[in-house]
Amino acid sequence: MSSENPSFTDFNLQQRQKQRQKWEDAMISPPFGGFNQASESGYLLLSNPNNQTKILDHQEDGKSTGTLGSNKVQDWDPRAMLSNLSFLEEKIHHLQDLVHLFVGHKGSGLGGQDQLITQQQQFLITADLTSIIVQLISTTGSLLPSVKHTLSADIPNGQLGGHPFPPMAGMNCSPQPQNGGGSKVSDQSSKMDVAGDCGAGQSHFIEEHETKEEEDADEGEYLPPGSYDILQLEKEEILAPHSHFCTICGKGFKRDANLRMHMRGHGDEYKTPAALAKPTKESSSDPVVIKRYSCPFSGCKRNKDHKKFQPLKSILCVKNHYKRTHCDKSYTCSRCHTKKFSVMADLKTHEKHCGKDKWLCSCGTTFSRKDKLFGHIALFQGHTPAIPVEETRGPAVLSDKMDGKEASNKGRKHKFQLWLSCCRKWG
Amino acid sequence: MKTNKKTTSNCNPFDFLTEEIIFTILDYLNDDPFSKKSFSLTCKALYSIESHHRKTLKPLRAELLSRTLHRYPHIEHLDLTLCPRIEDSMLNVVSLACKDALCSINLSRSRFFTNIGLSSLVSSCFNLVEIDLSNGVELNDLAAAAIAEAKNLEKLWLSRCKLITDMGIGCVAVGCRKLRLICLKWCLKVSDLGLQLLALKCKEIRSLDLSYLQITEKCLPSILQLQHLEDLVLEGCLGIDDDALSTLQQSCKSLKTLNMSHCHNHSHVGLSSLINGAENLRELTLAYGPAITEDLAKCLHTFSGLRSVKFDGCLVKCSGVRAIARWPHSLKELSFSKCSGVEDDSLSFLVQAHKELTKLDITCCRKITYDSVDSITSSCRSLTSVRMESCSLVPKEAFVLFGQRCELIEELDVTDTKIDDEGLKSISRCSKLSSLKLGICLNIADDGLKHIGSSCSKLKELDLYRFCLNFQCLHSSSTMFKP
């Protein structure tokens, strides 16, 4: 079934396949799997200190708690809610058990020989606790009234978040990749990312501002319709001011870096270089899957349902496109008072060049270069160069403001110097 | 038309004279300002006739301009070169008084007017055809934009208007479509762009002076495509060199006069590329330019209309002079002023080939001796102007030949030569002599001057720098000299 635009079922199929792959990826990197898996992993943690194997075990079950079925979201909302709630219930029970365990451990192993083991176990328990909390928060978010959109949970860079629920604000748990089980757990700065934003989170540092051209001109690349995944975010998600959320206090941040800075205030474990480091893109064994985005606005040619669908390349593209095309323009240029923009970055770019055209024709057109003005005048009858009225008497300096054309010719420069001296003599 | 009607029975003869007739009479008095003044003071009728007749005015005082223009309402040519201070208010007066009669105005020696005055001038005097704004160092683009309003303008001089830029020239180009002559000498801020626009918009240009502008070859294609261009001056355009000129493909068929003085960046290659196709070329001035070599002379071989060449200050090669001698067309004017390398043999050869020379300038050709003068005077019988200042090797006997052979001479410059009284006596036979320069001639005395004074009745200019004057000589010849 290879149609122009992947049909809905194909899409879901792809989603499922992707997610399975991701979960397999998770074996390598973070020990905290997707929500559904981790829910079970909580039980398994108790028996086996090695988190990763648990996940593996669980994965081999290949079981999913019916959350994948929620891809057919429109019909299954109540069921999703129910499963979320039951999941939450389980989690809370886990939490209780763990705390009991902790109390138990504290009570018993205070002898010197056992201390090492106790410490280890304490580490593990703390880790489990943290993971459970993270999952709780994200799942709770998912319970908020949601629109029927399918949400992708792509976190290329090895972060997990295979969350098939359509979250409202896109609260996806994507914990940091952990290296080594016994190493410091404290560098886990889990944060809430907008689903899909995780991927773009890395690129935020560099390309926070994407120009319009990248959004529109897709001519350089042609992707056959089946070779890429199409993901669609909701309007609220696109327009959300904050994409990263602190798991501890819930404060929102636009950038991953800002969030990490904020996390320092929540404890020493967030002040380590590893916690503060930019989460790098980890090499995945799976070749990079191409993702393209669809605009949620119906009728837009960037919408996947449009006949001439042209996908957008990244989350930032989606955001910029949506704001530029489907939102009203609220920022006005402070210089010319005429141009309006919906994206702040566009306004800044305009203001950089606003008013730079100095060459003015009598018809009112401004030009950035003199030769352009003269070319324009040559074409039309009756147009003359317009001389600004506030022109002050320029100094009779010979060498000022010569056109770059003469001055650029090096061979003539020497002659020009010679000639200048003549001018001073006779001029 | 007012004539005095006398109450007596006598018929007033002046009644038969119409105004046109009196105007014609007054035209004959144009050379004699005092006669005209007397005429106007005769009576009121003649006063008013004379005041309507006068067409040119050259006032000495600008303050009296309003009263003067009130008296003379039909002034067509206003020459304000004697008034150094002309302000906007005075230009306003001129514009209101002359209105559409004014055709030409000369403000080349005046300052303190701005674009406001020019604007008022141009708005009232819409028949203005010539404006001379040379030396307007304070005039800027706004002034040029004001000039652009003169739609009938044909001649515009903007020499030394250093503040005018391409923008101003662009305005002029678009506004003055009938422009025929434009002089942009020393307008340093004008560049290729402005000139391209000028050449594009003003198709009637006949005379273009681009001396000392910082232009390159980029403007030349459009300039050469002017259909009526006759006179092109590219003096001191150092931005144009051989390589640049060799890229030219256009040719200007109408070109008659070319001046490329003070351009040492090009050689005959560039020159030939520039004048390629200019069949009507008549005058060529290459002062202080490339060396006059055989190649250069050869590339001028084909221009059958060439009559006047000026090679002042160039390095002249004998082979070049001989090649000039081989030109099929006969030169009328030739100048080797201050050239090094002019020698007897080659010069003699040349003048024998160009027998129709009328003007010859061999100032500072220090190698010239008797033989050259002999050849010159024997071959070129119709010489009217000879300049041989500082030809110090020419002996005094040579000057006798001028009087003997070249009787049509009108101008003779023998400053700093060995001419003596015998020579002067001989020269006095040239009855048409009007200008004689005898500065630093140590061998002349009163005798020679007496002869000159008595015979040369048309003499107007006499230069006797460093001559020891004897009063007796003056007395005897003073009656022959007119003031």
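**Aromatic rings and their surroundings**

Analyst: The charged end of B:Arg54 lies over the ring of B:Tyr72, at 5.1 Å from the ring centre. A charge counts as sitting over a ring if NZ of Lys or CZ of Arg is within 6 Å of the ring centre and within 35 degrees of the ring normal. The model is predicted, so local features need pLDDT of at least 70 and side-chain atom pairs count only at pLDDT 80 or more, while totals for chains, interfaces and linings use all residues. Residues are numbered from 1 along each chain as its sequence is written, chains are lettered from A and ligands numbered from 1 in the order in which they are written, and side-chain values use heavy atoms, leaving out hydrogens and water.

B:Arg85 also has its charged end over a ring, that of B:Phe112, 4.1 Å from the centre.

Next come contacts between rings. A pair of aromatic rings is described by the distance of the centres and the angle of the planes. Rings of Phe, Tyr and Trp (its six-membered ring) pair if their centres lie within 6.5 Å; planes under 30 degrees apart are stacked, over 60 edge-to-face, and the rest tilted. By this rule there are 4 aromatic pairs over all chains. One of them, formed by B:Trp186 and B:Tyr212, is stacked, with 4.2 Å centre to centre and 0° between the planes. This pair links distant parts of the chain, 26 residues apart: B:Trp186 belongs to the loop between strand S6 (181–183) and helix H9 (192–201) of chain B, and B:Tyr212 to the loop between strand S7 (207–209) and helix H10 (220–224) of chain B. Helices (H or I, at least four residues) and strands (E, at least two) are DSSP runs, numbered from the N terminus.

Both partners are shielded by the buried criterion (under 20% relative accessible area, with exposed over 50% and partly exposed in between, for a 1.4 Å probe and protein chains only). B:Trp186 is buried at a relative accessible area of 9%, and B:Tyr212 is buried at 7%.

The rings of B:Phe399 and B:Phe402 form a tilted pair, because their planes stand at 35° and their centres are 6.4 Å apart. These two residues are 3 residues apart in helix H17 (residues 398–405) of chain B, so about one helical turn separates B:Phe399 from B:Phe402. B:Phe399 is buried, with a relative accessible area of 0%, and B:Phe402 is buried as well, at 2%.
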